[in-house]
Amino acid sequence: MDYSLISKRKCWVTFIHMVIVLTACNGFYLPGSYMHTYSTGEEIYAKVNSLTSIETELPFSYYSLPYCKPHGGIKKSAENLGELLMGDQIDNSPYRFRMNVNESVFICTTPPLSEHEVKLLKQRTRDLYQVNMILDNLPAMRYAQQNGVKIQWTGFPVGYTPSNSNDDYIINHLKFIVKVHEYEGTGVEIIGTGEEGMGVISEAEKKKASGYEIVGFEVVPCSVKYDPESAKLHMYDRVKSVSCPMELDKSQIIKEQERVSFTYEVEFVKSDIRWPSRWDAYLKMEGARVHWFSILNSLMVIFFLAGIVFVIFLRTVRRDLTRYEELDKEAQAQMNEELSGWKLVVGDVFREPNHPKLLCVMIGDGVQITGMAVVTIVFAAFGFMSPASRGMLLTGMIILYLFLGTGAGYVGVRLWRTIKGTSEGWRSVSWSIACFFPGIVFVILTALNFILWGSNSTGAIPISLYFILILLWFCVSVPLTLLGGLLGTRAEPIQFPVRTNQIPREIPARKYPSWLLVLGAGTLPFGTLFIELFFILSSIWLGRFYYVFGFLLVVLLLLVIVCAEVSVVLTYMHLCVEDWQWWWKAFYASGSVALYVFLYSINYLVFDLQSLSGPVSATLYLGYSLIMAIAIMLSTGTIGFLTSFYFVHYLFSSVKID
């Protein structure tokens with residue numbers, strides 16, 4: 001019997017059944033989001049995440065406030081690398097739901113509030129801190145009316161301060177609306193695995209899979225002052241339903257020696273929303289026209305620059321080369337004496353640039369960052385990094401960055417060999433590539449972490465995670481970068497098409513400094529991405545979900561094209577004025593976009609994050625913005641430099657001058 005054929009058949013059957021399961025219910029499941037069905041009366045416990053605020057951007061633990069604790073103590077949920085770096089701290093909670101059972105339940109009454117607890121509650125209330133709860137991997141959603149417009153929020157406030165009062169009131173009663181969709185397991189084949197391989201589960205087992213899926217989780221917060229007798233109740237005792245909102249005299253004020261009773265009620269509502277569509281309400285982003293406007297604006301810039309490049313190549317360069325090739329030797333010799341523009345720097349154009357090692361290191365890191373960004377956005381655009389998997393995006397970016405160290409080492413060392421003509425010093429270049437950008441990020445994050453530690457924020461990176469990151473850095477990234485460097489030494493260096501003169505040619509004086517033109521060139525790539533940058537900053541700092549990765553992928557591709565075109569045009573302009581020091585200028589012609597990104601971040605802080613209060617929050621914001629700007633500079637600069645390098649190589653490989 002051909003066992004290999006049986007094995008292949010099983011693999012194909014497994015694949016087909018996986019496709020059937022994934023495409024059930026007329027849609028695709030978000031990767032990382034696993035469907036759970038619950039039977040009537042089955043208990044489900046909500047989880048609580050860190051308290052967050054757009055006022056301070058400092059997350060704090062839910063149990064840092066005097067909230068009710070679950071039986072059996074506080075237990076942390078398993079967190080991945082991305083969640084820890086983002087400051088998420090997911091814990092269990094006493095909020096218990098029984099499927100399809102509507103009830104109003106008492107949880108606990110706190111001891112009399114101490115002075116410290118009152119001060120903390122008031123501070124968190126006035127800093128607009130939100131409580132984030134999760135049920136079956138769905139964040140709690142709250143709706144509010146503002147100027148006749150329905151606004152959607154995730155989470156609910158710790159408390160509130162009425163406009164006509166100086167008192168603060170705590171949110172101590174929650175009304176949950178849980179939307180459920182009845183699921184019947186007859187439409188999907190359920191596959192079981194065992195020692196004999198694959199098998200289809202029986203019809204009786206299929207029926208057990210029927211039940212209810214949770215497809216929505218909404219919360220209505222309320223403040224209620226309870227009778228002191230409620231302290232005699234036990235957890236999960238039934239209480240009367242509450243109609244929200246309550247009048248101020250019936251709300252629970254925050255003051256010393258006050259005991260706070262916490263209750264909640266839950267209402268299950270049947271919904272037509274299916275499992276694959278349950279995240280639609282969270283991922284819905286307005287402003288599609290704005291995204292299209294951004295793309296059209298970028299296309300106009302691209303066509304404008306493409307026209308300039310077209311003129312350079314087809315009219316200027318091609319015309320000069322054709323005329324030159326048609327002349328006889330005497331005429332060529334005479335023409336050599338009358339050469340002007342870029343043809344005069346033929347003996348200096350490939351002269352070693354200033355600080356060649358630093359250039360190779362920055363190009364290597366730029367390749368690594370660009371590769372990480374492209375792969376991450378492509379995967380996210382195809383739905384493989386959804387918000388349903390918390391921290392997946394950041395974890396994926398870190399893993400990709402680590403493994404792309406091989407490409408960074410290869411490109412950096414090969415460029416080093418091309419410039420120097422020898423492999424000597426490649427280990428130092430590889431080590432520098434592995435430590436340059438991660439070292440900058442490590443220093444900035446450490447400085448910010450001391451601030452977070454001082455504030456007792458859950459956003460602070462734990463010491464254990466520091467050791468994990470250092471191990472990943474030196475046990476994965478550094479060896480892979482050294483491996484890439486070794487491969488770079490064995491690759492053929494790029495041969496320059498013309499010889500370099502021993503004595504460098506003097507660069508003519510210019511009325512305006514060339515760096516002014518280089519910095520101005522960054523405005524064109526910035527014009528390509530600034531609209532999308534607004535949405536990205538809003539999602540990071542205003543607590544919104546960003547899920548228009550399709551638009552982001554298009555903008556990224558347009559940005560790459562604009563960076564390449566800008567750098568080529570600026571390089572050609574410098575060569576035409578006999579400026580042969582083009583290496584760094586080609587890098588910064590497109591890399592200078594990072595300067596405008598950082599300035600835009602400051603503008604966003606001043607005008608759009610007016611609620612951000614305190615020097616600590618502003619320092620954190622500027623620190624993270626600086627990391628983003630440095631990464632963008634290395635990435636866009638690398639794109640521009642490599643394009644210009646191959647442009648110059650092609651241009652002078654066509655010139656036959658001895």
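Glu 578 sits in the loop between H15 and helix H16 (583-591). Helices (H or I, at least four residues) and strands (E, at least two) are DSSP runs, numbered from the N terminus. This is a predicted model: local features need pLDDT of at least 70, side-chain atom pairs count only at pLDDT 80 or more, and totals for chains, interfaces and linings use all residues. Residues are numbered from 1 along each chain as its sequence is written, and side-chain values use heavy atoms, with hydrogens and water left out.

**Two residues with positive phi**

Glu 578 has a phi near 65°, a positive value in a residue other than glycine. Glu 578 has 18% relative accessibility, so it counts as buried.

Asp 136 lies in the loop between strand E5 (133-135) and strand E6 (138-139). Its relative accessible area is 12%, so Asp 136 is buried.

**Helices H13 and H15**

Now turn to a helix pair. Helix H13 covers residues 514-521, and helix H15 covers residues 549-576. Their axes come within 11 Å and cross at roughly 165°. Axes are lines fitted to C-alpha atoms, for helices over the stretch in contact, and angles run from 0 to 180 degrees between N-to-C directions. H13 and H15 are therefore roughly antiparallel to each other. Angles under 35 degrees count as roughly parallel, over 145 as roughly antiparallel, 65 to 115 as roughly perpendicular and the rest as oblique.

The crossing of H13 and H15 is right-handed. A crossing is right-handed if the near helix is turned clockwise from the far one by less than a right angle, and left-handed if anticlockwise.

Which residues make the contact? H13 brings Ser 514, Leu 517, Val 518 and Ala 521. H15 brings Val 566, Leu 570, Met 573 and His 574. Contact means heavy atoms within 4.5 Å. Six of these residues are nonpolar, two are polar and none is charged. Here Ala, Val, Leu, Ile, Met, Phe, Trp, Tyr, Cys and Pro count as nonpolar, Asp, Glu, Lys and Arg as charged, and the others, Gly among them, as polar.

**Disulfides**

How many disulfides does a search of the whole structure find? It finds two. A disulfide is a pair of cysteine sulfur atoms within 2.5 Å.

| Disulfide | S to S distance | S-S torsion |
|---|---|---|
| Cys 68 to Cys 108 | 1.9 Å | about -85° |
| Cys 222 to Cys 244 | 2.5 Å | about -120° |

The torsion for Cys 68 and Cys 108 is about -85°, so this disulfide is left-handed. The pair links distant parts of the chain, 40 residues apart. Cys 68 is in the loop between strand E1 (43-48) and helix H2 (81-86), while Cys 108 is in strand E3 (residues 103-109). Both Cys 68 and Cys 108 are buried.

The torsion for Cys 222 and Cys 244 is about -120°, so this disulfide is left-handed. This pair, too, links distant parts of the chain, 22 residues apart. Cys 222 is in strand E15 (residues 211-222), and Cys 244 is in the loop between E15 and strand E16 (261-270). Cys 222 is buried, with a relative accessible area of 3%. Cys 244 is partly exposed, at 26%.

Number the bonded cysteines in sequence order, and the pairing is 1-2, 3-4.

Key:
Buried < 20%, exposed > 50% of the residue type's maximum accessible area, 1.4 Å probe, protein only.
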